[in-house]
Amino acid sequence: MSSDTDTDVTLPEAAGGGASDSTGPDTTEARVTEAQGAGAQVTGAHATAARTGEAITTSALHAAATGADTFPGALREALNRRGLSLERVSERLRVRGITISQATLSSWQRGRSQPERARSLRAVDVLEEILELPAGALRSLLGPRRPRGRITPPGAEGAALQILGEDSVVEKALGARFRHFNQETSSLMVHDIVRMGESGTLSAISTTNVLRASRAGADRAIFVLSFDDEAAEPVDIRVSCGRLAEATYLKGLKSLVLEIHFGRELAKLDTTVVSYAVEVSPSKTPATHYERWSRTNLHEYLQQVFFHPGALPSDCHRYVREKVGAPPRARRRIPLSESHDVHVLTSRCKPGVHGVAWDYGTGTSGTGDRPG
């Protein structure tokens, strides 16, 4: 699962999710709208449940999601529409006598640098031809000349990149929004409840997130939940604190993007609570772990995993990763309670990935029967 800002992300074997700001007494229910991902880099028409419950126009949503009115966003959109990899584009430029590396093209489409020298500007003109864009479509979006050298990502983005790495699912799911992902808030406390079904697959996730505004005017937060198994898809969403403004499922990335509004603008250092629950369709294989990432310090993080009495694990343990994909460390066994759940409570939770893993074993019912 994934999430953001002072946020956290979760990556379980059957599902995951993250959280950010929100507040308000209303309860909102929404069906998930599905959007097909376009290959490894997803930006295509995101289907969105607007706060009115009606889908906004595809073009408006696409521009908002991809930042198509900026040079990086327009370049990403054109690449995805044409289905061209950076390698192929670099090769086509080389054939025309222009040498631009894949790394440079990647920096352009991420907004980390922009073409400024004569050779680079010539490359932009040729890119418009390769991508079948009108003359000047990309060149006209270039801003003023920037300082030499690589552009340093904003604080929030840089912190997220340290934990998630480049080209993460979260970054692909959010597109241009990743650069400003929940910069106006930070998480203070997070409580995740994960429920497993009789077959050992993920059944539901609910999250409560206490957020604090880092600046005045914060009024919303975005959360990304990622699923390991493509068969595990969100089927229903309930927001009990806050107002659901967007629920977009990106099938190609196996990720759910939620935008939750607080119902008011926060003053600086003001706090709010966001709570949501996601029901998940049965996946093909039993889940074996659940993870949440955080890019900032949390005052407290509580993770609970409830197992079905007919599919109890034989062993459970907690662990921490410095970043996504890093080896687990600080492994420690945790006991199963009489309520068939395990929990991990961490105070002064440091940035990183925090997870719980379990093994169903091959014992008898109630002592580790392997589900399925």
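This is a short chat about a predicted model of one protein chain.

User: What should I know before I start?
Analyst: The model is predicted, so local features need pLDDT of at least 70, side-chain atom pairs count only at pLDDT 80 or more, and totals for chains, interfaces and linings use all residues. Residues are numbered from 1 along each chain as its sequence is written, and side-chain values use heavy atoms, with hydrogens and water left out.

User: How many helices and strands are in the chain?
Analyst: The chain has 7 helices and 16 strands. These are DSSP runs, numbered from the N terminus: helices are H or I with at least four residues, strands are E with at least two.

User: How much of the chain is buried?
Analyst: Buried residues are 53% of the 372 residues. Buried means under 20% relative accessible area, exposed means over 50%, and partly exposed is in between (1.4 Å probe, protein chains only).

User: Where does the nonpolar core come together?
Analyst: The largest nonpolar core has 43 residues, and Met-196, Leu-258, Tyr-276, Phe-307 and Trp-358 touch the most other members. Another core, of 22 residues, lies apart from it and includes Leu-84, Ile-98, Ala-123 and Leu-127. A nonpolar core is a set of buried Ala, Val, Leu, Ile, Met, Phe, Trp, Tyr and Cys residues joined through side-chain atoms within 4.5 Å.

User: Switching to helix H4. Which of its residues are buried?
Analyst: H4 covers residues 102-110, and its buried residues are Leu-105, Ser-106, Trp-108, Gln-109 and Arg-110.

User: What covers them?
Analyst: The cover includes helices H2 (71-82), H3 (86-95), H5 (118-130) and H7 (169-174).

User: How do H2 and H4 cross?
Analyst: Their axes come within 6 Å and cross at roughly 115°. Axes are lines fitted to C-alpha atoms, for helices over the stretch in contact, and angles run from 0 to 180 degrees between N-to-C directions.

User: Which residues meet there?
Analyst: From H2 come Phe-71, Pro-72, Leu-75, Arg-76 and Leu-79, and from H4 come Leu-105, Trp-108, Gln-109 and Arg-110. By class, that contact has 6 nonpolar, 1 polar and 2 charged residues. Contact means heavy atoms within 4.5 Å. Ala, Val, Leu, Ile, Met, Phe, Trp, Tyr, Cys and Pro count as nonpolar, Asp, Glu, Lys and Arg as charged, and the others, Gly among them, as polar.

User: And Ala-74, buried or exposed?
Analyst: Ala-74 is in H2. Ala-74 counts as buried because its relative accessibility is 12%.

User: New topic. What does Glu-246 touch with its side chain?
Analyst: Glu-246 sits in strand S8 (residues 243-250). Its side chain makes a polar contact of 3.1 Å with that of Arg-177, and another of 2.9 Å with that of Thr-248. A polar contact is a pair of N or O atoms within 3.5 Å; within protein, one must be able to donate a hydrogen and the other to accept it, and residues adjacent in sequence count only if both atoms are side-chain atoms.

User: Is Glu-246 buried or exposed?
Analyst: Glu-246 counts as buried because its relative accessibility is 6%.

User: Last one. Which residues other than glycine have a positive phi?
Analyst: Among them are Glu-132, near 55°, and Asp-167, at about 60°. Most residues other than glycine have a negative phi. Glu-132 is in the loop between H5 and helix H6 (155-164). Glu-132 is exposed, at 57% relative accessible area. Asp-167 is in the loop between H6 and H7, and is partly exposed at 39%.
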